[in-house]
Amino acid sequence: MSNKSLEVVIIGAGIVGLTCALALEKEGINVKIYEASSEYKEIGAGLGMGPTALRILHGLGVSGDVIPPVEQLHRQENFLQFRSSKEGHELIYDSYKSKAVDERAGLYGVGRHRALVLAALAKCIKPRVTHFGKRCSAIEASPYGGRTVVHFTDNTSVEADVVIGADGIKSTVRQAVLPEDDKSDHIGFSGTVAYRGLVPTPVARAAGVNSDFPMGMNCFIGKDKHIIVNQIQGGKLINVAAFITDPSNSFSKPYHPDENAWVVPATTEEIERDFSDSSNELVTLLKCIREPTKWSICAVHPALPSFAKGRVAVIGDAAHAMLPHLALGASQGIEDAHLLAKLLGDPRVSAEHIL
Ligand SMILES: Cc1cc2nc3c(=O)[nH]c(=O)nc-3n(C[C@H](O)[C@H](O)[C@H](O)COP(=O)(O)OP(=O)(O)OC[C@H]3O[C@@H](n4cnc5c(N)ncnc54)[C@H](O)[C@@H]3O)c2cc1C
């Protein structure tokens, strides 16, 4: 039995919004997505995906090379080696050899290009479900009772039984689930910036990066800094994320997203300066990143008292954007989408029950 009478609007067509739309459609629920950009968009970087998220996407019919069946994954692909960032890259800890991890055998994930994951999801979305160029500006209860009204910056609006904010860390929808007297942005700067980018493996090799970076993840550690290096897309590309932290500036003051650019172009010179104490090979790899970007790493902080209020809910980064060090933010959001769709799809749930 399906819940066909419920009308749901999702704000945001990122990985989490698209997953939620597919999951709701599977439950027989009428869904529309409103996205601020003019097309589906993801940044050129890698994305680690956990096994639960992969299983959910498979169940929704997202498959192919980008989302392989979990059973086909290679155990080694998802294990992390911690090494010194200094010359010689001394091995500090190898999770592949760890007994603790062995006992959880079967919990594998993959590293993928973000844009390809989004494209694989978008391919499954039916035409006319996503409305582009629609930036949500406010949400309010309908004056005619029951439903919720979403307003857009182009002065249009839509009504729905349920509104789901999948509009990322700078969420507009989030304000609608906060207590009335809470005017905080709920965004904190962690004191860490990350330089990010992808390097084609042959480019790195030609520049002199000769180490055999294994298929697993590598974390090269220095003082208040670490560099994540992993091959993605079957070894064709190397994903690089180089983090540097100022611990004195961690969640220490309010952070206003409109006053601070979060992602800015970076120069090779500043990356070289920040990581000059790393090995020559790592510096060479960092210099190979074309058009590197510099990210201020933020999180939803302080945590929200609730992810839902009345007929509005937030999921993914809008609800709980977290620090990226477990590489699980998107995967967690995929799980949110799955669970919320199951809840709304329960035949016992109708618009009248959602208060
Ligand atoms: C450096 C770094 C590395 C990371 N690595 C990993 C990793 O390896 N694995 C992992 O699982 N996660 C990782 N994450 C976290 C992951 O990127 C996020 O958790 C995930 O992308 C969130 O997806 P989302 O769909 O919730 O939000 P987003 O991807 O931010 O999508 C939000 C969408 O909403 C749209 N939007 C925003 N505002 C509005 C509005 N007002 N109206 C309409 N549309 C709007 C946006 O245009 C966008 O399309 C990393 C994060 C960082 C910063």
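Student: Among contacts in the chain between residues at least 6 apart in sequence, what percentage join residues at least 24 apart?
Tutor: This is a predicted model, and its contacts can be sorted by how far apart the partners stand in the sequence. Taking the contacts between residues at least 6 apart, the share that joins residues at least 24 apart is 75%.

Student: Why does the radius of gyration of the chain agree with that of a compact globule?
Tutor: A compact globule with 355 residues would have a radius of gyration near 20 Å. The two values agree because the chain itself has a radius of gyration of 21 Å.

Student: How many residues of helix 1 are buried?
Tutor: A residue counts as buried if 20 or more other C-beta atoms lie within 10 Å of its own, and in the chain as a whole buried residues make up 41% of the 355 residues. Helix 1, which runs over residues 15-26, is mostly covered, and among its 12 residues the buried ones number 10.

Student: Which helices and strands do the buried residues of helix 1 pack against?
Tutor: The buried residues of helix 1 include Ile15, Val16, Leu18 and Leu22. Their partners among the strands are strand 1 (7-11), strand 2 (30-34) and strand 11 (162-165), while the helices they pack against are helix 2 (51-59), helix 4 (114-124) and helix 9 (329-345).

Student: Which residue with a positive phi follows helix 1?
Tutor: From its first C-alpha to its last, helix 1 reaches 17 Å, close to the 16 Å expected. The residue that follows helix 1 has a phi near 80°, and this residue is Gly28.

How values were computed. Residues are numbered from 1 along each chain as its sequence is written. This is a predicted model: local features need pLDDT of at least 70, side-chain atom pairs count only at pLDDT 80 or more; totals for chains, interfaces and linings use all residues. The radius of gyration is taken over C-alpha atoms; the globule rule is 2.2 Å times the number of residues to the power 0.38. Two residues are in contact if their C-beta atoms, placed from the backbone, lie within 7 Å. Helices (H or I, at least four residues) and strands (E, at least two) are DSSP runs, numbered from the N terminus. The expected span of a helix is 1.5 Å times one less than its number of residues.
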